[in-house]
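Here is a short briefing on one protein model. Read it alongside the sequence and the coordinates.

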Amino acid sequence: GEVDKLEKQFADWKNKEEELEKQERLAPWNVDTICRDGFSKTTVNKAVEKKENISEEEKLTQSQNFMDKHKKEIEKFGFYSSWNDSKDYLLEYPHLACEDTANYLTYWCVNLQMEEKNSLMKQVAHQTIVMQYILELSKTMEVPPIACVPSFFTKIQLCDAKYMEGFNSELRAFIGRIERRAKEKTDKLIAEIEEEEKQKRMGPGNLDPQEVYEEQ
């Protein structure tokens, strides 16, 4: 079954993880560095990226299909607040450990903020950063994201204050970006609605009766 397949994958990656655990104590991308520098750490850029021979349009189509197919599963992950629940859920649904999940959670955060559901947005934002951390570890370690799930959650639960501060700093910055983006989208939407209403009110000579009233 799926569990057996996962266990085999983890066994295959065991040697790689053991090697990386040794490097972790010496390499510049260790836990403390991840905390301090967040996603901007230069070592991530050294990771080998696989190039797919598909067009940008095909990529977008694949992403949209993934989001449509797994919408409910992704949203359920977004609601989890327990580290252990999040880990177990990703191990049960390993296909969710990917960039499309992070992108969907980001879009969802913006929409929740536009709906003024700030508390829920912050909860989903937390899970978005969890996924981003897993993806960054995946790039650095050059293994599939699902292989980083156990080690990430072990580290985040056993880490020192610097590691948690790094995670929380990324989370605060992300929430700030979401709030700004939501405000921009809301302001634009309001402006478009107001313009439509104005066009409907236009009388002879392109005069807006409301503007005339307000001038009095």
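**Helix 4 against helix 7**

The axes of helix 4 (residues 83-92) and helix 7 (residues 145-158) come within 10 Å and cross at roughly 175°. Axes here are lines fitted to C-alpha atoms, for helices over the stretch in contact, with angles from 0 to 180 degrees between N-to-C directions. Helix 4 is therefore roughly antiparallel to helix 7.

- Helix 4 brings Trp83, Asn84, Ser86, Lys87, Leu90 and Leu91 to the contact.
- Helix 7 answers with Ile146, Val149, Pro150, Phe153, Ile156 and Gln157. Contact means heavy atoms within 4.5 Å.
- The residues of this contact divide into eight nonpolar, three polar and one charged. Ala, Val, Leu, Ile, Met, Phe, Trp, Tyr, Cys and Pro count as nonpolar, Asp, Glu, Lys and Arg as charged, and the others, Gly among them, as polar.

**Basis of the model**

- This is a predicted model: local features need pLDDT of at least 70, side-chain atom pairs count only at pLDDT 80 or more, and totals for chains, interfaces and linings use all residues.
- Residues are numbered from 1 along each chain as its sequence is written, and side-chain values use heavy atoms, with hydrogens and water left out.

**Overall fold**

- The protein has nine helices and zero strands. These are DSSP runs numbered from the N terminus: helices are H or I of at least four residues, strands E of at least two.
- Of contacts between residues at least 6 apart in sequence, 70% join residues at least 24 apart.
- Buried residues make up 38% of the 216 residues. Buried means under 20% relative accessible area, exposed over 50%, and partly exposed in between (1.4 Å probe, protein chains only).

**Helix 3**

- Glu75 is found in helix 3 (residues 56-79). At 17% relative accessibility, Glu75 counts as buried.
- Leaving aside neighbours within four places in sequence, Glu75 is in contact with Tyr104 and Trp108.
- Leu60 also lies in helix 3. At 58% relative accessibility, Leu60 counts as exposed.
- Leu60 and Asp100 are 40 residues apart in sequence and 9.8 Å apart in space, C-alpha to C-alpha.

**Cysteines**

- Cys109 is buried, at 0% relative accessible area. Cys148 is buried too, at 0%.

Conventions:
Parallel < 35°, antiparallel > 145°, perpendicular 65-115°, else oblique.
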